[in-house]
Amino acid sequence: MRVASPCICSTIFNRVTRKASMQLRLTRSIFMSLCCLGSIVVLVAPVSLTSAAEASVDNATRPVDFAVQKNIPQKHDALRHSERARVLQSIKKKHPNFKQQESLASNFSAEEPILLLLEKRPSNKKQNSPRLADAYYYDYKTNETIHCIVNPETGVIIEELRTVELQLPLVEEEIERAFTIYLQSSHRNELADAYREATGQSLIDVSSLHFKAFILHGSANMTRLNAATKRCGRSRCAKLLIHTEENIALNITPIIDLSKGQVIQGNTERSADRAIPAVNANSPQEPVHRHEQTNGSEQHALPH
């Protein structure tokens, strides 16, 4: 049996020792890394838990942002501008010929239904019902009031009803139109006579007059209405009240059928010796309208 030389034994020993040292160093490195990682986890965990706890407390004690809640319309709030626009757009999409806004009396057309009223629909406080809007139009062709019930949030038309003899108050455009029809009629001479009787002067400029108007039903005063005026209510009629800048009412109250576009009765007042003060001629049902003269505004000239 041969014995290995001392050089061979030394080489083998060094190789074995070197490999062992490398394994020991690797093991030591892994161990130290794990220890460091554990330390980091131990140090970070309390910080994370503390941050979470602080966030929870902060969220619990943070005041409610009521400004954000105000952007959401509540059940009984009035319609907002965006809701009104959505309702009108929805109706316009279904009925392209429906008029969406007021225009000058000169652009008045009985060919298209006119918007009379748009408001939030009353709701029961105890019921969990959605916000709804009521839109009322008047169709001069059929003499019907069109009632649209719309969801202002979605624009969905819930219901649409047509009713005859339902006359809502006049809108400004209709009041302007009624006075224009009167000025263009043969009854304009009666206006000049009534002005002279009330003031003792000649009527030179119609723009110096003020006027109001309200809806008339034929059943309101049967004894002083002619046959055509007694049918008002089935058609849309306006009763004019005219007074001077000095607030003296003229003793003349013509009736205009807006559906036909004509004066159907020149005067419903009995003859009087003196003018009635405008304050006494007011009716609690009438929507007040004043024809004010402003710089650059259109002047109403008395036709000859």
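## A pair of strands

In which sense do strand β2 and strand β3 pair, parallel or antiparallel? In this predicted model, β2 covers residues 133-139 and β3 covers residues 144-150, and seven bridges join them in the antiparallel sense.

Four strands form an open sheet in the order β1-β2-β3-β4, with antiparallel pairing. At its edges are β1 (114-120) and β4 (157-164), each of which pairs on one side only. From one strand to the next, the twist averages 15°. As a general point, strands of a sheet pair through backbone hydrogen bonds.

## Rings that meet

Searching the whole structure turns up three aromatic pairs. One of them is formed by Phe98 and Tyr137: their ring centres are 4.7 Å apart and their planes lie at 45°, so this pair is tilted. Phe98 belongs to the loop between α3 (81-94) and β1, while Tyr137 is in strand β2, so the pair links parts of the chain 39 residues apart. Phe98 is buried, with a relative accessible area of 2%, and Tyr137 is buried too, at 0%.

Another pair is Phe179 with Phe211. Their ring centres are 4.1 Å apart with planes at 10°, so the pair is stacked. Phe179 is in helix α4 (residues 172-183) and Phe211 in strand β5 (residues 210-215), 32 residues apart. Phe179 counts as buried at 1% relative accessibility, and Phe211 is buried at 0%.

## A charge over a ring

Finally, take a look at Tyr138. The charged end of Arg236 sits over the Tyr138 ring, 5.1 Å from its centre.

How values were computed
Residues are numbered from 1 along each chain as its sequence is written. This is a predicted model: local features need pLDDT of at least 70, side-chain atom pairs count only at pLDDT 80 or more; totals for chains, interfaces and linings use all residues. Side-chain values use heavy atoms; hydrogens and water are left out. Two strands pair if DSSP finds at least two bridges between them. Helices (H or I, at least four residues) and strands (E, at least two) are DSSP runs, numbered from the N terminus. Axes are lines fitted to C-alpha atoms, for helices over the stretch in contact, and angles run from 0 to 180 degrees between N-to-C directions. Rings of Phe, Tyr and Trp (its six-membered ring) pair if their centres lie within 6.5 Å; planes under 30 degrees apart count as stacked, over 60 as edge-to-face and the rest as tilted. Buried means under 20% relative accessible area, exposed over 50%, partly exposed in between (1.4 Å probe, protein chains only). A charge sits over a ring if NZ of Lys or CZ of Arg is within 6 Å of the ring centre and within 35 degrees of the ring normal.
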